[in-house]
Amino acid sequence: MKITDPSAAPISTYNYHDAFAPFFYTKNGTEYRAATGEPGPKYWQNKANYKLDVHLNDETNEINGYEILDYTNNSPQKLDFIWMQLDQNLFKLDSRGTAIIPVEGSRNGGRKQVFDAGYKIKSVKLLTGAKSEKELAIKYSIEDTRMQIFLPNELAANGAALKLKIEYSFISPDYGSDRMGVLATKNGKIFTVAQWFPRVCVFDDVMGWNTLPYTGPGEFYLEYGDIDFSVTAASKMIVVGSGELMNPQEVYTPEQMKRWALAANSDKTVIIRSAEEVTDAQSRPTSKKELTWHFKIKNTRDAAWGASASFIVDAAKMNLPSGKKSLAISAYPVESNGDTAWARSTEYVKKSIEFNSAKWYEYTYPAATNVAGIVGGMEYPGIVFCGSKAKKGGLWGVTDHEFGHNWFPMIVGSNERLYGWMDEGFNTFINSISTYEFNNGEYRSKRVKDMHVIGKNYTNPEAEPILTYVDNYKEKNNGLLSYSKPSEGLILLREQIIGKERFDRAFQTYIKRWAFKHPTPDDFFRTIENVSGETLQWFWRGWFVNNWRLDVAVRNLTYVDNADFTKGSFITLDNLDKMAMPVILEIKTVSGKTDRIKLPAEIWERNTSWRFKYASTEAIESVTYDPDAVLPDFNPDNNVWKKN
């Protein structure tokens, strides 16, 4: 019988050159994007201002009107056409998104409803003249969820602008890919309206025109600008929208205006329209059949709105670090009311935004509105849609998550059509901190996190790497790859690799550098490295670029002078899989004393095994790797060496 030598190195698949290989960054910094991870001295991005005027027919669910796009080409290139996104075309029966829905269904499918879907583009005109008073019809071509508009003359580089007027209409789906839709309540429909106007595609220094079709899973990549929009609807309805309502005195009663004034100065929730008033005709201005609601939001990538005759409305003041004030607003039906449900929504909005403003970057919009509807949870600048049945910790969680998106990607405008982890993952990370702090831990998890169990799931060989385009991984892996695994990567950096103070400084710097701009993954990686002072390519490579696993074993312990433990001991560790990580060891002596040792990830920079001397003064009972299970070691069976 062959006897195995316990001191012999086990078989390992770890390759230190692969983990710590050079040339992680495939290109040098440029004048547009610096090697430090910040915008370069010649960074540019185009600008898109919109003026929108639409009418809602609450009986047919049709929205029709026009938009005026004021587009500025700040790029160094001339443009002879521009591309627009027509996201409503996803719901057409012949769309690419419909074609790729599997037979078992999809969260982003939900398109069994057969209706006259998609945009009806009535005209596209170029506005010319000193006051844009002349309208010139121009040629355009529609392909699935994109529209190419051909310009009669090239749009010059470095600041030239044009204005387009597009007349259009569409019918809202009842359930729009879990991003918008119509919910029936006993007091009327709730419309949550988004992707409701043709939006110009981003033209950038990375991809040129970003024209990936919208098929459902990937979200949105949009230019920044100012949006001025008006919604005309039946006077029985209340409309809430992104930004500031410009004409409240025309659409609310005098009594409600008094309540708005109280809310603007109150840290506690003030009822604007109560549950009892929802069915009271006197709670709406009744002199007109229809009312127009006028909103403005500045420096934004998008806008959305909600409308219903069934809304209870309440609000409270939000206190921002600069001393500025903003309003937290909630709109929900009587079915959602209750002290454990939506009656706490405004409190949740207020606490979430106040915390993230103080911790990361100040909230920039004059209001933040939470709308109860058919959508489980979806975010837009200054407004979010959350499930009407949510309550207790579930309502806090979805509210905090959707408003966390006002930092990622509403302020930091990454390309979430490609890199879902740069908005969902970063947002999940900040949610973990805000939830821990909310109301001294009211909804703090009572379970102890075991990263050995979680890490086994995170590094499942059947899953794709995080750095996979959203449309390119299995839908079942969306929660893992867009949300939880990238979030856990930031937690590992913050708590185990860099440290909270340095990580927070680097993360805050990333937000500040790229606020209202378009960062790429490299810009994030470089910023964290340059600001924290750490070289982290080994971590990016293992956790984000590849789906590597971590398996560190404690092989053995020997004493320097045979059995004389007072002269010190040697401890041998083996890295058995692809990933590198720092090492945390707990050493316990026969008398019960314990000691903790932390070794940097660099011990694996040129070693598959690591042997080091420990200054023992008495016999060692055990050596345990990662005793608190904070590292994603998927095989804890070899983590402990015990005496004899």
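Predicted model: local features only at pLDDT ≥ 70, side-chain atom pairs only at ≥ 80, totals over all residues.
Between which two helices does the loop that holds Thr253 lie?

View 1. Thr253 is found in the loop that runs between helix H3 (248-251) and helix H4 (254-263). Its relative accessibility is 10%, so Thr253 counts as buried, the cut-off for this class being under 20%. Apart from its neighbours within four places in sequence, Thr253 contacts Gln282, Ser283, Arg284 and Pro285.

**View 2. The aromatic pair of Phe81 and Trp83.** The whole structure contains 55 aromatic pairs. One of them joins Phe81 and Trp83, whose ring centres are 6.5 Å apart. Because the planes of these two rings stand at 85°, the pair is classed as edge-to-face. Phe81 has a relative accessibility of 24% and is therefore partly exposed, whereas Trp83, with 16%, is buried.

**View 3. The aromatic pair of Tyr332 and Trp342.** Here the ring centres lie 6.0 Å apart and the planes meet at 35°, so the pair is tilted. Tyr332 belongs to strand E22 (residues 325-332), while Trp342 is located in the loop between E22 and helix H5 (345-359). The pair thus links distant parts of the chain, its members being 10 residues apart. Tyr332 is buried at 1% relative accessibility, and Trp342 is likewise buried, with a relative accessible area of 0%.

**View 4. Arginine residues placed over tyrosine rings.** The charged end of Arg444 is positioned over the ring of Tyr436, at 3.7 Å from the ring centre. In another such arrangement, Arg526 lies over the face of Tyr25, and the distance to the ring centre is 4.2 Å.

Definitions and conventions. Residues numbered from 1 in each chain as written. Heavy atoms only, no water. Helix = DSSP H or I, 4+ residues; strand = E, 2+ residues; numbered from the N terminus. Buried < 20%, exposed > 50% of the residue type's maximum accessible area, 1.4 Å probe, protein only. Contact = heavy atoms within 4.5 Å. Phe/Tyr/Trp six-rings, centres within 6.5 Å; stacked < 30°, edge-to-face > 60°. Lys NZ or Arg CZ within 6 Å of the ring centre and 35° of its normal.
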